[in-house]
Amino acid sequence: MEFRWWKESVVYQVYWRSFYDTDGDGYGDLRGVTEKLDYIMGLGVDVIWLNPFYASPDKDNGYDISDYYSIMPKAGTMRDFEELLDGAHRRGLKVIMDLVVNHTSDQHPWFLESRSGKESPKRDWYIWRDGVEGGAPNNWRSYFCPTAWEYDSATDQFYFHSFAVEQPDLNWQNEEMRKEIYKMMHYWLKKGIDGFRLDAIALLAKQEGFPNAKNPEDISYLTNNPGVHDYLQEMNREVFSHYDILTVGEVAFVSPQEGLLYVDEKRKELNTLFHFEVCDEMPIWDLKRFKEIQKRWYDGLWGRGWNSQFLNNHDHTRLVTRYGNDAEYRVESAKLFAAMLHSLPGIHYIYQGEEIGMTGVRFESIDDYKDIAMKNKYQELVGAGMNAEQALSVLQPLSRDNSRTPMQWNSSMNAGFTTGQPWIRVNPNYKEINVKNALNDSNSIFYFYRKLIELRKAYKVFVYGDYQSLLESEDQMYAFTRTYEGKTLLFVSNFRKSVHNAVLPRELNISDGRLLIGNYERDGDEGNTLQLKAFEARIYLFM
Ligand code: ISL
């Protein structure tokens, strides 16, 4: 495995529209990110991932791009972006951009031209099919709608969309279109950005012939189809291979063996991936299953491709609410998950607000929710006869808006996020949970994250260490070692609310090790039996 800067990096995801608003329009903006660069740098991270800020009608919060070469006015101007990029680089921070090339907005000029007529030169840049027996070309649903096809009366055909109606899929079989995408990628890379987070990148290839699905509700037919690797190897040859950058693909619903095909260094496709075996497929915490997933992905990738570790982002609810305990053990459990994620193999991604233990939210009206995916699903459920109250309560826990409420800077109005009317309501707990309080508390989650990041930089065993899981029979305790160049890191934790003893293998006598970090004051444990408190986590180093 060759050295690459991104293998040792910690990435901080900035959902800019909820980060910091400098012009009072109620949306965060790029200047807001620039103003907070010292805060981000103070955490010790290496890379900022910015969610899309290209021109967009904003139906899916920027994931419906209408011009790849300009900036959405609510985010700011190209000058604002250039100042942000320069400010980040001056602080030693790299910047990767979120790039959506599986689909565009239905307002993109390419699509407007494509839909203008069957003879349009850009007709084949998107996926158009005749209906079947007066209905859609097949029975597929999309991630955000009951059908993946939208009828266009002007040309009496349907167009394909993996997500919302407003997000028509590009036809990656069209070489001319692909070349236009590659040209655009070079434009941004020549500006000096440090890589891309590639949205829904496993969806680029579609099932040949669009056959009906046996079970349309199992939407695996949308992703990881034959041909996707040809496109990624071409993308790498045409673009990525010319730069020293980080490319991380959003690759949902793949096994480790399939995932390796995207990130195997020899295949020259992507550097690393986000798989969704946890966040999309584990609604509530299941430590036994998490351990199995970690082992399978370690065995599947280690030594050949690089993994990524995250437990929340802009699409998934906040980890301390979903997987931890955001009530009486919010601080302890947030720190436990942080210590675990920073100790596991792979690049670690911190989602804005995670470092201060921000929680999920419960708005009492569907009108307070803004996410198109949730609002579409709500209409689908109510349309299928579910009563409104029930539909809301079903969707609230996993709503993507749980993680999209404004960053909580302080206890002033709107948590110091905006002087205007916030585009989405602030989580009411901002008076207690906010950056100002965190920075004034030496025992805060923030300083725990900062210490973990410092440890990753001080000890390469966090990055390159071989992984060995321990306490396999314990369903509520997680321990593992990482070993590299004669050093051994030991992570040990208790996921219960009650005190429990962890009996480690005899050779791991903690008196021989050094406690690097823990989320409780240390008691004088000795030998290989540790008495762990509720949600206690510790990391030891053995030299
Ligand atoms: O939506 C899913 C099912 O929950 C995911 O598996 C899907 O692959 C993922 O949500 C894709 O997300 C990305 O593309 C979407 C956008 O809404 C998300 O915010 C983005 O992260 C469409 O561009």
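Colleague: Is Arg 197 buried or exposed in this model?
Modeller: This is a predicted model, in which local features need pLDDT of at least 70 and side-chain atom pairs count only at pLDDT 80 or more, whereas totals for chains, interfaces and linings use all residues. Residues are numbered from 1 along each chain as its sequence is written, and side-chain values use heavy atoms, with hydrogens and water left out. Buried means under 20% relative accessible area, exposed over 50% and partly exposed in between, with a 1.4 Å probe and protein chains only. Arg 197 has a relative accessibility of 1%, so the residue counts as buried.

Colleague: Which residue forms a salt bridge with Arg 197 at 2.9 Å?
Modeller: A salt bridge here is a side-chain nitrogen of Lys or Arg within 4 Å of a carboxyl oxygen of Asp or Glu. The partner is itself buried, with a relative accessible area of 7%, and the closest N and O atoms of the pair are 2.9 Å apart. That partner is Asp 199.

Colleague: How many residues apart are Arg 197 and Glu 250?
Modeller: The side chains of Arg 197 and Glu 250 meet in a salt bridge, with 3.1 Å from N to O, and both residues are buried. Arg 197 sits in strand E9 (residues 195-198) and Glu 250 in strand E10 (residues 246-250), where strands (E, at least two residues) and helices (H or I, at least four) are DSSP runs numbered from the N terminus. The pair thus links distant parts of the chain, and its separation is 53 residues.

Colleague: With which side chain does the side chain of Gln 309 make a polar contact?
Modeller: Gln 309 is found in strand E12 (residues 308-309) and is buried, with a relative accessible area of 4%. A polar contact is a pair of N or O atoms within 3.5 Å; within protein, one must be able to donate a hydrogen and the other to accept it, and residues adjacent in sequence count only if both atoms are side-chain atoms. At 3.0 Å, the side chain in question is that of Gln 294.

Colleague: Which backbone nitrogen lies 3.3 Å from a polar atom of the side chain of Asn 325?
Modeller: Asn 325 lies in the loop between helix H9 (319-322) and helix H10 (330-343), and this residue is buried, with a relative accessible area of 8%. Leaving aside neighbours within four places in sequence, Asn 325 is in contact (heavy atoms within 4.5 Å) with residues including Lys 497 and Phe 535. The backbone nitrogen at 3.3 Å belongs to Glu 328.

Colleague: How many residues does the largest nonpolar core have?
Modeller: A nonpolar core is a set of buried Ala, Val, Leu, Ile, Met, Phe, Trp, Tyr and Cys residues joined through side-chain atoms within 4.5 Å. Those with the most contacts inside the largest core are Phe 81, Ile 181, Met 185 and Met 340. A second, separate core of 18 residues includes Val 11, Leu 246, Val 248 and Cys 279. The largest core has 123 residues.

Colleague: About how much area do domain 1 and domain 2 bury between them?
Modeller: Domain bounds come from an automatic or database domain assignment, which gives domain 1 as 5-102 + 175-364 + 403-449 and domain 2 as 109-160. Contacts between the two involve 21 residues of domain 1 and 15 residues of domain 2. Buried area is the accessible area (1.4 Å probe) that two parts lose on being put together, summed over both. With 69% of it on carbon and sulfur atoms, the area is about 1,700 Å².

Colleague: How many salt bridges are counted between domain 1 and domain 2?
Modeller: Across this interface the rule finds six residue pairs in polar contact, both residues being at pLDDT 80 or more. The side chains of Glu 217 and Arg 141 meet in a salt bridge at 3.7 Å, N to O. Between domain 1 and domain 2, the count of salt bridges is one.
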